[in-house]
Amino acid sequence: NKLPHITRLLALAHHLQDLLDQGTVHDYADIARLSGLSRARVSQIMNLTLLAAEIQEEILTGKQKDNLKEHVLRMTLKTVVWKEQAVMWGKLET
């Protein structure tokens, strides 16, 4: 059973944050250089960690909307206020 793309991206974001926290990599530029991704793409991926905890839990446990697209989810990240994210997330789910 293949994990949804967005689930894999969120898990990657948490892994990269762990590498930053441990000092294995110094910054997003290091991650970009080592992974071959652009710095902008690294930022997009890392921004997923700014999602409300409840939203992240739904994504990581597979309870998110089927075929949820990353660019649609990024709309939820237009605010860092978790209550506002929850409202936007609810609209995505309908």
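How many residues apart do Glu70 and Arg74 lie in helix H5? They are 4 residues apart, about one turn of the helix. The model is predicted, so local features need pLDDT of at least 70 and side-chain atom pairs count only at pLDDT 80 or more, whereas totals for chains, interfaces and linings use all residues. Residues are numbered from 1 along each chain as its sequence is written, and side-chain values use heavy atoms, with hydrogens and water left out.

**Stop 1: the salt bridges**

Select Glu70 and Arg74, whose side chains meet in a salt bridge (3.4 Å, N to O). A salt bridge here is a side-chain nitrogen of Lys or Arg within 4 Å of a carboxyl oxygen of Asp or Glu. Helices are DSSP runs (H or I, at least four residues), numbered from the N terminus.

Colouring by relative accessible area (buried under 20%, exposed over 50%, partly exposed in between; 1.4 Å probe, protein chains only) shows Glu70 as buried at 10% and Arg74 as partly exposed at 28%.

Next, select Asp30 and Arg33, which form a salt bridge at 2.3 Å, N to O. These residues are 3 apart in helix H2 (residues 28–35), and are therefore separated by about one helical turn. Asp30 is buried at 15%, while Arg33 is exposed at 59%. The whole structure holds 3 salt bridges.

**Stop 2: helices H1 and H3**

Display H1 (residues 5–22) and H3 (residues 39–47). They pack at an angle of about 100 degrees, with axes 8 Å apart; axes are lines fitted to C-alpha atoms, for helices over the stretch in contact, and angles run from 0 to 180 degrees between N-to-C directions. H1 is therefore roughly perpendicular to H3, a term covering 65 to 115 degrees. Contact (heavy atoms within 4.5 Å) involves Arg41, Ile45 and Met46 of H3, and residues of H1 including His5, Leu9 and Leu12.

Centre on Met46, which is buried at 1% relative accessible area. Leaving aside neighbours within four places in sequence, Met46 is in contact with Ala13, Leu16, Gln17, Leu20 and Tyr28.

**Stop 3: Thr7**

Finally, select Thr7 in helix H1. Thr7 is buried at 4% relative accessibility and touches Ile59, Leu60 and Gln64, not counting residues up to four places away in sequence.

Key:
Helix = DSSP H or I, 4+ residues; strand = E, 2+ residues; numbered from the N terminus. Parallel < 35°, antiparallel > 145°, perpendicular 65-115°, else oblique.
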